[in-house]
Amino acid sequence: MGSETASAGIYVTILHTKGLQCVKSFLNSSSRMDDEEKDFRQFECRPICAEALARVIMRDEAFKAFVDLEERPRARLVRVMQLWSKGMALTPEQFNGNEGRCQRGSINRLLQAFKTHGIRIYGFTRRLVGKKTFVIVDVDPAKKQKRADQGILNRAKDRVIYFEAKYGGQDE
Amino acid sequence: MNNDLGELLSSSTFAEEALVVDVQSALHQAMENAGLSRADLARRMNVSKARVTQMFSDDCPNLTLRLVARAFHAVGEQIEISCRCTRNHEKQADHELVKQAVRASENVVFGDWEWTWETEAPLLTGEIRQEALEPQIIGRALQSAEVAWPERKSQRERRQRAEDWLVATRSSESDLMLAQAHG
């Protein structure tokens with residue numbers, strides 16, 4: 001094999017893994033994600049992960065804070081969300097099933113949180129678009145302290161109530 | 001958003017964290033099944049409780065394979081490592097896609113070519129310019145490949161998506177002209 005053709009072969013290998021994968025993943029997976037996205041735009045949410053029985057979606061306002069997190073905790077949190085969607089057991093370090101109740105009028109939801117490195121991703125569980133769904137409403141980036149910021153905790157509860165007041169009747 | 005998450009999901013950081021989270025979750029589940037507390041596990045492993053706590057922490061700097069194996073053994077479980085070898089499966093599919101793409105755009109981009117299993121990539125024998133082989137061109141090739149997709153029903157939609165993608169990535173006709181000139 002001549003060096004010229006060898007280098008061409010190597011180049012195509014690079015393209016093969018980067019370029020083609022990029023094209024292929026776009027063509028193969030974007031339609032499914034687009035459909036999912038469309039479903040949740042009405043709730044001002046974006047899909048994070050989905051399994052057969054459950055999914056996690058995130059409100060746009062929370063997503064802005066989420067993308068500002070460092071890569072490592074973000075990666076960890078996404079994996080924890082994937083496991084939650086699969087119904088796997090989560091450790092107390094990964095998930096807190098009771099961050100308090102969100103109550104107003106007929107609305108009564110349990111606030112829960114995915115956790116890592118002191119960061120808390122607040123949300124609640126309900127049935128939405130035909131599936132058990134964890135709706136993330138707020139992010140506590142834990143910049144000041146490792147403990148939960150009470151201001152953000154209360155804001156998260158308000159956001160749950162706002163969401164439920166706006167979309168509560170849908171698909172429950 | 002999908003792009004942001006897509007990048008994250010394909011990063012080495014995610015691969016690392018995903019494995020750690022999976023191990024922690026699996027061990028937690030195994031302990032729950034066996035009715036063991038962390039103190040029980042520490043006793044069985046003959047390590048301090050702090051060390052077990054550290055195994056479940058976010059950073060878990062001590063989570064070595066040896067420790068993981070000992071922990072699962074102490075719970076009465078065996079851990080098996082299985083590699084999904086996603087790349088191998090993808091490669092097989094990619095081979096076909098590349099072949100079809102090359103065939104479809106033979107006159108446009110690639111010139112003569114032959115498949116080589118040695119490098120698992122098309123061995124290009126024609127004179128080509130590297131910039132002609134950008135993803136946009138491959139996208140164009142796939143777009144024009146009639147046989148590229150098994151679900152013929154959605155071929156038109158996929159082609160449209162490819163077209164949209166090409167526009168979004170600012171692929172221009174001049175790219176194609178350049179490719180043609182050196183094809």
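This is a predicted model: local features need pLDDT of at least 70, side-chain atom pairs count only at pLDDT 80 or more; totals for chains, interfaces and linings use all residues.
Student: What makes strand 6 of chain A mostly covered?

Tutor: A residue is buried if 20 or more other C-beta atoms, placed from the backbone, lie within 10 Å of its own, exposed if 12 or fewer do, and partly exposed in between. In strand 6 of chain A five of the five residues are buried, so each of them meets that cut-off.

Student: Why do the residues of a strand fall on two sides?

Tutor: In a regular strand the side chains alternate between the two faces of the sheet.

Student: How do you know which strands pair with strand 6 of chain A?

Tutor: Two strands pair if DSSP finds at least two bridges between them, and a strand is itself a DSSP run (E, at least two residues), as a helix is (H or I, at least four), both numbered from the N terminus. Strand 3 of chain A is joined to strand 6 of chain A by two bridges in the antiparallel sense, so this pair meets the cut-off; there, Asn96(A) has Ala113(A) as its bridge partner. Strand 6 and strand 7 of chain A, also antiparallel, share five bridges, and Thr116(A) is partnered with Ile119(A). In the hairpin of these two strands, with two residues between them, His117(A) takes a positive phi near 45°.

Student: Why are strand 1 and strand 3 of chain A at the edges?

Tutor: Six strands of chain A form an open sheet with mixed pairing, in the order 1-2-8-7-6-3. Strand 1 (45–50) and strand 3 (95–96) of chain A each have a single partner strand, so one side of each is left without a neighbour in the sheet.

Student: What makes strand 2 and strand 8 of chain A a pair, and in which sense do they run?

Tutor: Strand 2 (residues 54–59) and strand 8 (residues 131–140) of chain A are joined by five bridges in the parallel sense, and therefore count as paired. Ile57(A) has Val135(A) as its bridge partner in strand 8 of chain A.

Methods
Residues are numbered from 1 along each chain as its sequence is written. Chains are lettered from A and ligands numbered from 1 in the order in which they are written.
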